[in-house]
Amino acid sequence: MRQPFRLEFRHAGEFLLIGGWKEVSLVDVLEHSSFTLWLALCNLKCPWCSNADVARGLTARVVSVADIVEIVDHAKSFVDVLHVTGGEPTLQLNALKRLFKSVTEKVGLPVSLSTNGTMPEALSALSPFLYHVAIDIKAPLDEPRLYATATGISEQLAQKLVSKIIESVKVSLEVPNIELRTTLVPDVINSKDVLKAAVGLEEVLKNAKGRVAYVVQQFIPYEGVRGPFSRKKATPSREVIRCAEYLASVLSVEVYYRTLEEGTRKVR
Ligand code: SF4
């Protein structure tokens, strides 16, 4: 059986454990093209994760930050931003900081981060570099039991993490572009849950300095999904659209939906 990698490098700040990269992506950052880099390992175990092998560290390799910077530099003319996702990128804080510093200062490309929001201290250290941050709101943050089900962790741990995620949203208020994402997951997260998750953060978001968008996402059984969720059907796109339209009628921020059929579309 393959064993997950562990972050026990002598020079942890100089190397990244990565799942791979895509030189030009049009789907990861709202209205921008990106060089997208996937970092391995995650501290959650969402049973519907579309990148389960990368999140568990089963598909991963070590690459130096210097090499990644060079590769991004070669691709920079084709993209608007460097987007780092995972897994949970903030688990590799030191190397990520080094990467963001080099890419903003030497390559001259804005950077974007996708995170599950469970590490506000790390996000706080990274936020001065960020042009865009996407935070996953997996479930209403006042429902730790549902958050635990959606993320495959114990309710006890979920109780601690939900307040960390609110902290992460607060930490992000200075970032020029904030994107919050909730996925409609069959038999786990429904439209009412999405609404509750979004409305629960509205008060905090009023203090945002820049642009805020809430994105309702479709669950898609991509080939990276493992276990029972790999056999589930995608959330019907009409359900995703209806949910986003309703959200737009009650929220004061921009609302989008993201489906396989239509890509990412703005409702309002
Ligand atoms: S937080 Fe994201 S990467 Fe981690 S297990 Fe959940 S869906 Fe996968």
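This report describes helix packing, the ligand surroundings and selected residues in the structure above.

## Basis of the model

The structure is a predicted model, in which local features need pLDDT of at least 70, side-chain atom pairs count only at pLDDT 80 or more, and totals for chains, interfaces and linings use all residues. Residues are numbered from 1 along each chain as its sequence is written.

Helices (H or I, at least four residues) and strands (E, at least two) are DSSP runs, numbered from the N terminus.

## Contact of helix 5 with helix 6

The axes of helix 5 (residues 144-151) and helix 6 (residues 155-171) cross at roughly 105 degrees and come within 8 Å. Axes here are lines fitted to C-alpha atoms, for helices over the stretch in contact, with angles running from 0 to 180 degrees between N-to-C directions. Helix 5 and helix 6 are therefore roughly perpendicular to each other (angles under 35 degrees count as roughly parallel, over 145 as roughly antiparallel, 65 to 115 as roughly perpendicular and the rest as oblique). From helix 5, Pro 144, Arg 145, Tyr 147, Ala 148 and Thr 151 meet Glu 155, Ala 158, Gln 159 and Val 162 of helix 6. The residues of this contact of helix 5 with helix 6 comprise five nonpolar, two polar and two charged. In this classification Ala, Val, Leu, Ile, Met, Phe, Trp, Tyr, Cys and Pro count as nonpolar, Asp, Glu, Lys and Arg as charged, and the others, Gly among them, as polar. Two residues are in contact if their C-beta atoms, placed from the backbone, lie within 7 Å.

Ala 158 belongs to helix 6 and is buried, with 23 other C-beta atoms within 10 Å. A residue is buried if 20 or more other C-beta atoms lie within 10 Å of its own, exposed if 12 or fewer, and partly exposed in between, with C-beta atoms placed from the backbone. Leaving aside neighbours within four places in sequence, Ala 158 is in contact with Pro 144, Tyr 147, Ala 148, Thr 151 and Ile 153. By C-alpha atoms, Ala 158 is separated by 27 Å from Leu 130, a residue 28 residues apart from it along the chain.

In helix 2 (residues 65-75), the buried residues are Val 65, Ile 68 and Val 72. They cover an arc of only 60 degrees around the axis, which puts them on the same side of helix 2; the arc is that of the directions from the helix axis to the C-beta atoms. The exposed residues Asp 67, Glu 70 and His 74 are carried on the face of helix 2 turned away from its buried side. The cover over the buried residues of helix 2 includes strand 1 (15-29), strand 2 (32-39), strand 3 (61-64), strand 4 (81-85) and helix 3 (93-107).

Helix 7 (residues 191-199) has Asp 193, Val 194, Ala 197 and Ala 198 as its buried residues. They cover an arc of only 130 degrees around the axis, which puts them on the same side of helix 7. Helix 5, strand 7 (177-184), strand 8 (211-218) and helix 9 (237-250) are included in what covers these buried residues of helix 7.

Glu 239 lies in helix 9 and is partly exposed, with 18 other C-beta atoms within 10 Å. Not counting residues up to four places away in sequence, Glu 239 touches Leu 184 and Ser 191. Leu 184 and Glu 239 are 55 residues apart along the chain, and their C-alpha atoms are separated by 8.7 Å.

## Surroundings of the ligand

The residues around the ligand are Cys 42, Leu 44, Lys 45, Cys 46, Cys 49, Asn 51, Ala 55, Gly 86, Gly 87, Glu 88 and Asn 116; a residue is near a molecule or strand if its C-beta atom, placed from the backbone, lies within 6 Å of it. This shell around the ligand has five nonpolar, four polar and two charged residues.

Gly 86 and Gly 87 are joined by a cis peptide bond, with omega about 15 degrees. Gly 87 is found in the loop between strand 4 and helix 3.

## Loop residues

Glu 31, in the loop between strand 1 and strand 2, has a positive phi near 60 degrees and is a residue other than glycine. With 12 C-beta neighbours inside 10 Å, Glu 31 counts as exposed. Leu 41 also is not a glycine, and has a positive phi of about 80 degrees. Leu 41 lies in the loop between strand 2 and helix 1 (52-55) and is buried, with 21 other C-beta atoms within 10 Å.
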